[in-house]
Amino acid sequence: MMENVRLTPETDEDDLYSGYNDYNPTYDTKELENDTAFQQAVRTSHGRRPPSKTSLASSMGRPMTGAIQDGVTRPLTAVRAAGFTKAAFRGSAFDPLGQSRGPAPPLETKNEDSPEEKIRQLEKKVNELVEESCIANSCGDLKLALEKAKDAGRMERVLVRQREQVTTPENINLDLTYSVLFNLASQYSANDMYAEALNTYQVIVKNKIFSNAGRLKVNMGNIYLKQRNYSKAIKFYRMALDQIPSIHKEMRIKIMRNIGVAFIKTGQYSDAINSFEHIMSMAPNLKAGFNLTLSYFAVGDRDKMKKAFQKLIAVPLEIDDEDKYISPSDDTHTNLVIEAIKNDHLRQMERERKAMAEKYIMTAAKLIAPVIESSFAVGYDWCVEAVKASQYVELASDLEINKAITYLRQKDFNEAVETLKMFEKKDSRVKSAAATNLSSLYYLKNEFAQASSYADLAVNSDRYNPSALTNKGNTVFANGDYEKAAEFYKEALRNDSSCTEALYNIGLTYKKLNRLNEALDCFLKLHAILRNSAQVLYQIANIYELMEDPNQAIEWLMQLISVVPTDSRALSKLGELYDSEGDKSQAFQYYYESYRYFPSNIDVIEWLGAYYIDTQFCEKAIQYFERASLIQPTQVKWQLMVASCFRRSGNYQKALDTYKDIHRKFPENVECLRFLVRLCTDIGLKEVQEYATKLKRLEKMKEIREQRIKSGRDGSGGSRSKREGSAGHDSGQNSSASSKGERLSAKLRALPGTNEPYESSSNKEIDASYVDPLGPQTERPKTAAKKRAEEEDFADEDLGDYLLPE
């Protein structure tokens, strides 16, 4: 029987899955007839009883197992069948799994008071605190993260002490200790507690038990870099670099980049160049290429700058082509997949990487273009050609537009315009950008026709360009068509809802159209986008003022001065609003602040002077009117106000000297002569007769002038009546000439003479119509000077006959 048994070869001992497909011939029933041993067993155990004389026979008449009969050993059989016992004959049920023995005994309860269990619970709490600290840090709650890290550190020390009492020191959980200390140091650094972070890192680094703790010297170097301790930062970076094996290539490159940045910070550009050159030879990347270009720029090596720029634009982006996101067929499943991946996180990361690469290249080109050649134009041309030969072909047009902007900064508008005009025959996107810039240039030069034509070109090239639509709206706005301008601004906002220029301009348009509520909505939306924009805050306050809501206007102006506290115009507007509300003290405070920041505002100076006169402090008003006379030396009223303040304060001698000085400068001024006559009369000076004679002569000249004006007006009226039957266009010309003559006569009626040597032509009407600098004045409605007209010492007095010449 054993000759049919096959043993497993020794070579298959290590094969765990060998033998499963092998067939054992022992179980082959087809060959049982030829199996001699099996047939002998069948003959000895089936159909006949063995002789009773044999001692090996069983009680059932067959040989016992293992008995030898006829020279053949009987095969082994089972002694006891599965599930059958003698007890089955005594009435017991079939129970092969022993379920009749009842339920299993309960599990042994934990002994929570045992030291091992306490240690396990403490470890669990420490891990939970570390996790909570990390989660709080990721959520931005740095203070809570630090508190949790400190709690974890305290609890971990308690855990170590308890473990030392129970087990040997070798059983301390070093991984837990390392994680607690590292998290605590990280939270200290995040909260700008650099001294504590460095101490914690030192504890880890100096402990030889912690493996690979030397890598944390990179973190220590970062802290020293933040503290601007660049020498120590370089030292720790190099120590970390020595402890990191060469197989960690990426980490070593990052540390070398940090070393190069630290060298740039210290001005050691040659060492920085060595670091970045090594990086660009081992693993080129955008940051290292840009820093290398920057280092060569600092050194001033033109050729090396060009080579570094070429290395920068040769760095591979390692992103997929745009064609990947364009559907090649009408397959619905493919279109759904492309739509799903078109804006996923990977695609966003690719966009960010591409934007970063374009930013580095554009910045490097703008940096080196003015210095690599004899002129910046030639340098820009070299950069443009280099970019065109690289994978960033689309940046060449942006560089050329930037060249035009550089011309603008140098005030060379003609060259800028010529550069931008070169884009008229290029693709639509570049053409639209160039036309938009040209439109802005012509708009700033007040050439609205050219601005409008280039705005049309920009819109036609790219209808979805919000800047082009905004420029077109500006040209229409300048021509006075506010409704059409609003339509262009709305279209710009539909294309780009974040176009703040269009939103601001449409608010101004609604303000022009007196649609104040819509204008207010626009500026409030803009305020939600630009929280600290002074222009937006002022427009909101101005609209509330136009809507006659001074309280809201004051509130928004308060927000404005919190953004620009030195804006004299905003401060004076606040003073004006408080003055209209009757709050003189608050108005004085803001007017005074406005005067302090801009002491040349005539309106503010006039209000402050009137305020001091109203509060019976004429001496303080003098300095403001004197400053006004310095700002406007041809305006006689400021000097008259100074003299009036001296007179009101009782300093008659100073007032007399001031009036005499005014008379020397303005001998034709009637009001000055009147006050000189009155003051000389009160004081008893002999000059009174001289001043009275001059006053009488000026009054006679004034009467003669008025008569001439009256006769001229009557004559022109008579001539008009004689020509009533003339042609319509002649009568129109005469009526216009008559109205012009009336305006001229009204202007001359108030002048002391036709040839005023001391007054400008725009201010000649002041001297004749002036009564009292502190009397009723229509141009100062917000001061209290009107109430003091009855207190004028000489206002109601008439000249006596004895003062007139004989």
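A salt bridge is a side-chain nitrogen of Lys or Arg within 4 Å of a carboxyl oxygen of Asp or Glu. The model is predicted: local features need pLDDT of at least 70, side-chain atom pairs count only at pLDDT 80 or more, and totals for chains, interfaces and linings use all residues. Residues are numbered from 1 along each chain as its sequence is written, and side-chain values use heavy atoms, with hydrogens and water left out.

**View 1. Salt bridge between D661 and R664.** The N to O distance is 3.2 Å. Both residues lie in helix α30 (residues 652-665), three residues apart, about one turn of the helix; helices are DSSP runs of H or I with at least four residues, numbered from the N terminus. D661 is partly exposed at 27% relative accessible area, and R664 is exposed at 57%. Buried means under 20%, exposed over 50%, and partly exposed in between (1.4 Å probe, protein chains only).

**View 2. Salt bridge between E117 and R120.** The closest N and O atoms are 2.7 Å apart. Helix α2 (residues 115-138) holds both residues. E117 is buried at 7%, whereas R120 is partly exposed at 48%.

**View 3. Salt bridge between K573 and E576.** Here the N to O distance is 3.5 Å, and the two residues sit three apart in helix α25 (residues 568-580). K573 counts as buried at 8% relative accessibility; E576 is partly exposed at 21%.

View 4. Leaving aside neighbours within four places in sequence, K694 is in contact (heavy atoms within 4.5 Å) with H663 and L673. K694 counts as partly exposed at 26% relative accessibility.
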